[in-house]
Amino acid sequence: FSSVELTRCHLDRIRTLDGTYNSFITVDESGALTAAAEADRRLAAGETAPLTGIPLAHKDIFCTRGLRTSCGSRMLDNFVPPYDATVVTRLREAGTVILGKTNMDEFAMGSSNESSFYGPSRNPWDSSCVPGGSSGGSAAAVAGMLAPMATGTDTGGSIRQPAAFCGITGLKPTYGRVSRLGIVAFASSLDQAGPMARSAEDCALLLNAMAGHDPLDSTSSTESCPDFSAGLEAPLSGLRIGLPRQYFGDGLEAATGDRIRAALALLEQRGATLVDVDLPHTGLSIPTYYIVAPAEASTNLSRYDGVRYGYRCEQPRDLHDLYTRSREEGFGDEVKRRILVGTYALSAGYYDAYYKKAQQVRRLIRQDFIDCFRQVDVIAGPTTPGPAFALGAKTDDPLAMYLEDAYTLAVNLAGLPGMSLPTGLVQGRPVGLQLIGRHFEESRLLNVGHQLQ
Ligand code: GLN
């Protein structure tokens, strides 16, 4: 296969199938074919880099020079960035071909892709169901074979949950492992970009290209990056896997629990030891996250004022009208809800009771993991309480939607790496096994994932 052939084949599938999946917001046919032709020249000249000529899709939260970056919002519907996110630059340099930009919940706020200004994406396993969110378009595109791999971001589960719902592999790296430069900010202390693909092996290849210090992102880590592909074949004998009691309680649907336990039995057969562990504060993750994330979002989103970029209302009466009407018309309901909650939590008189308290609990949640990792190497459990739900099932009930994140949020609050691996079907819909590692131990997660695949 030449890269041009491979790219054409994926563009054809997008043309035929994306009317149903709605996994792309923007498809860049001509850009993709130009990049593919360039990759073919590099390959003919003897280049052997593993991703040269491989097509991929970027979540529409990554700035792409000259290519619209909407973040799933009317607010940025007309926004064409003048520069590339570091992740995009690095993947371009690695020789990948950008097919287009994938659908997502507006400003990455959601667990179902239903808050996108461009309409929901659909799950290729069952198009009456959601693909998960917020990186639902990326997950659907990979699962539907419209793209062999994709990028996503994960603030509270947005790589892992859609990966689980769509039966693919997704990895949220340690906070700081991947540069956030050029990623539209949601909650800056939680946001992290990562790979979504059909296997742990492919995720390792993508992470090799994405990860590493970026002097232009002050929260990017200077920790050295291993070759994430190097340890995939290591045997699992002697590996201690912790099973948090709190991840196997009432909230977990029975059939999903069975699939998770089957995967754990397989890991045991491969030589791992299963150990019961406790994460006593993890039940506080949802209230903690839904203070911290909206608080940070409310400040990050204050930049959308109708003046500097993005949507501007028609014929404003005065400056105040320009601000309020641009934001009123440019943002959707979930985004407004988060801005209201966040502004409230940060306001004088409430700051100590909400934001400061949430930061204190966040510390306890993180400490739980650090204590656990004294006894075990990896923590395992479900990614979500159950498989993908029907479109519309939770749109009127934000709290029911937030419960979807019960097993994923703590990982972001603690800054740890987490991965979701496909682990069978429940009534024809995929479910995911979640693996959580020590800070900067993505390689171990990829190793365990590869040994299961
Ligand atoms: N579902 C969570 C939320 O709505 C997480 C989203 C994310 O990780 N971007 O905030």
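**Labels and their cut-offs**

Mentor: Start with β4: M149, T151 and T153 point one way, A150 and G152 point the other way, and all are buried. This is a predicted model, where local features need pLDDT of at least 70, side-chain atom pairs count only at pLDDT 80 or more, and totals for chains, interfaces and linings use all residues. Residues are numbered from 1 along each chain as its sequence is written.

Trainee: Why is strand β4 called largely enclosed?
Mentor: A residue is buried if 20 or more other C-beta atoms, placed from the backbone, lie within 10 Å of its own. In β4 (residues 149-153), 5 of the 5 residues are buried, so the rest of the structure largely encloses the strand. Strands are DSSP runs of E, at least two residues; helices are runs of H or I, at least four; both are numbered from the N terminus.

Trainee: What makes β4 and β6 a pair, and in which sense do they run?
Mentor: Pairing takes at least two DSSP bridges between two strands. β4 and β6 (residues 193-197) have 5 bridges, in the antiparallel sense. A150 stands opposite M196 in β6.

Trainee: Which residues carry the "active site" feature, and how do you know that they gather at one spot?
Mentor: UniProt, in an unreviewed entry, places the feature at K59, S134 and S158. They span 100 residues in sequence, yet no two of their C-alpha atoms are more than 11.0 Å apart, so they gather at one spot. Such annotations may be inferred rather than shown by experiment.

Trainee: Is K59 buried or exposed?
Mentor: K59 has 32 other C-beta atoms within 10 Å, so K59 is buried. K59 is found in strand β2 (residues 55-59).

Trainee: What about S134: buried or exposed?
Mentor: Buried, because 34 other C-beta atoms lie within 10 Å of S134. S134 lies in the loop between β3 (97-102) and α4 (136-143).

Trainee: What does S134 contact, beyond its neighbours within four places in sequence?
Mentor: Contact means C-beta atoms, placed from the backbone, within 7 Å. By that test S134 is in contact with several residues, including S158, A108 and N113.

Trainee: How many residues surround the ligand?
Mentor: The count is 13, for residues whose C-beta atom, placed from the backbone, lies within 6 Å. Among the closest are A108, S111 and S158.

Conventions: Buried ≥ 20, exposed ≤ 12 C-beta atoms within 10 Å, placed from the backbone. Contact = placed C-beta atoms within 7 Å.
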